[in-house]
Amino acid sequence: MTSADRGAGLAIETTGLSKRFGHQLAVNSIDLAVPQGSVFGFLGPNGSGKTTTIRMMLGLAAATAGSVRLLGQDMPGKLDEVLPQVGALVEGPAFYPFLSGAANLHRFDAADRHASPGTRRARVAEALDRVGLSHAARKKVRAYSLGMKQRLGIANALLSRRELLILDEPTNGLDPQGTREVRSLVRSLAADGATVFVSSHLLAEVEQICTHAAIMSVGRLVAQGPLAELRQAGTAQLRLITPDAGAASGVLVRFGMTPVIGHPDGADAVITSVLPGSAGALSPNGSRNPGGAGGTGGTGERDAAAALEAAPEAIVAALVADGVRVRGFAVERGSLEDRFVALTGEGFDVAQ
Amino acid sequence: MSRSDQVSEHGSRTAKESGREGSVPRQRASSRSFLASELKQLFRRGRTQALLLALAAIPVMIAVVVRLSTAVPPGRGPAFLDRITQNGLFVGVTALIVAVPLFLPLTIGVVAGDTIAGEAGHGTLRYLLVAPAGRVRLLLVKYVGAVAFCVAAPLAVALAGAGIGAALFPVGPVTLLSGDVVQPGEALNRMLLIAAYQTVSLLGLSAIGLFLSTLTDVPVGAMAATIVLSVASQVLDQLPQLEWLHPWLFSHYWFGFADLLRQPIGWDSFTSNAMLQAGYIAVFGALAYGRFVSKDVLS
Ligand SMILES: Nc1ncnc2c1ncn2[C@@H]1O[C@H](COP(=O)(O)OP(=O)(O)O)[C@@H](O)[C@H]1O
Ligand SMILES: [Mg+2]
């Protein structure tokens with residue numbers, strides 16, 4: 001696949017994109033591929049480089065290395081052609097506190113040399129209506145709550161018809177109701193055919209609306225791909241409750257597992273183990289790395305092959321056949337949240 | 001947002017059809033509208049109005065003090081102060097002279113220093129740039145805004161002076177520095193000419209302020225630096241040891257408008273001043289361009 005083929009269907013494509021602040025590599029050679037028409041979650045803890053990446057995409061900051069293409073055009077070279085089709089919220093909303101909400105939008109629209117002055121009033125009113133701020137249009141932004149400013153920031157991104165929306169932490173400062181509204185707004189934008197690139201440090205807030213996601217950790221892109229693939233990449237955990245710990249362990253080892261035996265309440269043993277074949281790691285470019293848990297070499301290879309195919313029911317059958325009294329059995333697939341935490345370390349820690 | 005969801009489909013089509021026709025005349029109209037937006041924002045802002053009011057207060061203060069006090073012996077206080085009681089037109093001229101060294105540069109420093117740094121401080125700079133305003137276009141619009149203020153500031157002093165002078169004192173023919181006598185209408189023209197001279201005088205300082213404003217995200221810093229430079233330039237202009245430097249100081253011709261009060265009007269000083277200011281605009285405009293076009297906007 002040549003890079004031209006890849007570029008054709010991509011709303012955002014970065015290649016080796018890096019940004020250095022002094023000694024610190026805030027963004028470390030990331031290759032993002034955001035398909036056209038996707039709702040793309042850009043996830044990562046605070047300080048992992050999301051906003052810096054977005055600044056480089058929009059031509060606000062120069063990349064230390066690497067390149068960006070937005071809507072098939074080079075940035076920042078083609079900035080004037082590209083940005084009119086892009087609506088953005090960067091590092092939170094920012095407005096003139098001494099102007100009303102509507103006056104602020106008029107101001108930003110006037111700054112866009114491609115926006116028609118004739119339709120400005122109508123477009124401002126429509127954008128305000130779309131985020132539910134019509135009633136506060138005449139109020140000075142100084143008197144807005146954080147949530148209202150956030151909505152106004154989104155309204156600013158919607159002043160014209162956009163092919164691409166880049167929303168940096170759009171749910172910051174919103175109450176649960178506001179968060180739900182933003183989600184439904186993002187869905188409606190996507191339904192209109194726009195690509196929506198939405199960053200967040202809270203996975204749960206965007207997980208429900210995304211078709212694709214990428215995960216940042218300390219400036220690196222550690223995973224990216226369709227959401228379904230990312231979910232699958234999470235390891236599945238087996239949990240077995242039985243009084244026959246020894247026999248059960250023997251069976252599980254035959255399946256290529258490394259069981260951990262615990263006795264939480266004394267009577268029955270609780271055995272946990274990673275289910276083989278479930279830990280196919282996703283490489284940053286989104287392709288699944290096959291045989292993540294497979295053994296290598298010699299006799300282990302056949303066992304591993306068997307283990308990869310081991311369905312939970314086959315394991316239970318083998319346990320029962322060996323006379324293990326199965327009192328509880330469950331296979332729990334890790335949530336995307338678990339994966340997020342696993343990839344980024346402690347989910348809410350601020351990266352250096 | 002259920003209510004707005006219903007309108008969105010229809011509405012966004014409207015925006016597409018009417019809001020995105022990038023034909024050239026439309027772009028020009030849009031550039032005008034950005035400049036209009038900048039001027040409106042500048043002059044509707046409380047701070048700008050307060051600055052203009054403070055400038056207008058100078059002649060009012062002078063006039064009221066002169067009106068309430070006994071005659072001053074000639075030669076003391078600012079030039080023309082002693083002539084005010086005989087002719088109210090001198091209020092404006094006196095106030096314009098008083099405002100030159102500090103008040104005018106101070107207000108210009110505030111406006112020019114705020115141009116880019118003020119936007120950065122509010123965080124609105126990034127939204128103007130992604131609109132996209134265009135970095136060069138933004139710089140130009142900001143400078144034109146500062147120039148508009150350079151027109152407004154001396155004008156505020158002159159007009160307030162003429163108004164209060166006419167209200168508190170008699171108005172009559174004026175004797176020029178050359179000894180010729182002109183009618184009040186012509187005298188008013190001369191005063192506006194002095195205001196125009198001061199507008200030109202302040203253009204270089206505005207360019208310096210614009211450049212300093214691209215260096216920081218803290219508007220107060222750029223404002224203070226601009227004002228300090230205006231004072232420094234005047235101090236250097238006083239030191240005889242630096243005679244060679246004097247013609248290059250942007251404040252060198254700030255007081256050189258006496259020739260506008262002669263018959264016929266002498267334009268030499270006006271021309272020299274204009275050329276010097278043009279030089280400052282070129283140099284600091286280029287510096288501001290060089291800095292701003294490649295600047296990382298991280299505010
Ligand atoms: N202007 C700046 N100067 C120096 N370091 C910065 C600057 N902006 C961001 N950083 C650093 O870059 C890293 C990434 O920041 P950022 O992109 O804002 O993260 P995120 O948006 O994911 O929270 C952080 O470690 C931050 O300290
Ligand atoms: Mg951020």
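1. By class, the shell around ligand 1 holds eight polar, four nonpolar and one charged residues. Here Ala, Val, Leu, Ile, Met, Phe, Trp, Tyr, Cys and Pro count as nonpolar, Asp, Glu, Lys and Arg as charged, and the others, Gly among them, as polar.

2. The model is predicted: local features need pLDDT of at least 70, side-chain atom pairs count only at pLDDT 80 or more, and totals for chains, interfaces and linings use all residues. Side-chain values use heavy atoms, without hydrogens and water.

3. Ligand 1 lies between chains A and B. Of the 13 residues around ligand 1 (a heavy atom within 4 Å), Q24(A), G47(A), K50(A), T51(A) and T52(A) come nearest. The largest share of this shell, three residues, is supplied by α2(A).

4. Oxygen atoms of ligand 1 take part in polar contacts (N or O pairs within 3.5 Å). A polar side-chain atom of T52(A) lies 2.5 Å from such an oxygen, a polar backbone atom of K50(A) is 2.8 Å from one, and a backbone N or O atom of S48(A) is at 3.2 Å. The protein covers 68% of the 560 Å² of accessible area (Shrake-Rupley method, 1.4 Å probe) that ligand 1 has on its own.

5. Which element gives the largest share of the lining of the largest pocket? It is α2(B), with six residues. By class, the lining has six nonpolar, six polar and eight charged residues.

Technical notes
Residues are numbered from 1 along each chain as its sequence is written. Chains are lettered from A and ligands numbered from 1 in the order in which they are written. A polar contact is a pair of N or O atoms within 3.5 Å; within protein, one must be able to donate a hydrogen and the other to accept it, and residues adjacent in sequence count only if both atoms are side-chain atoms. Helices (H or I, at least four residues) and strands (E, at least two) are DSSP runs, numbered from the N terminus.
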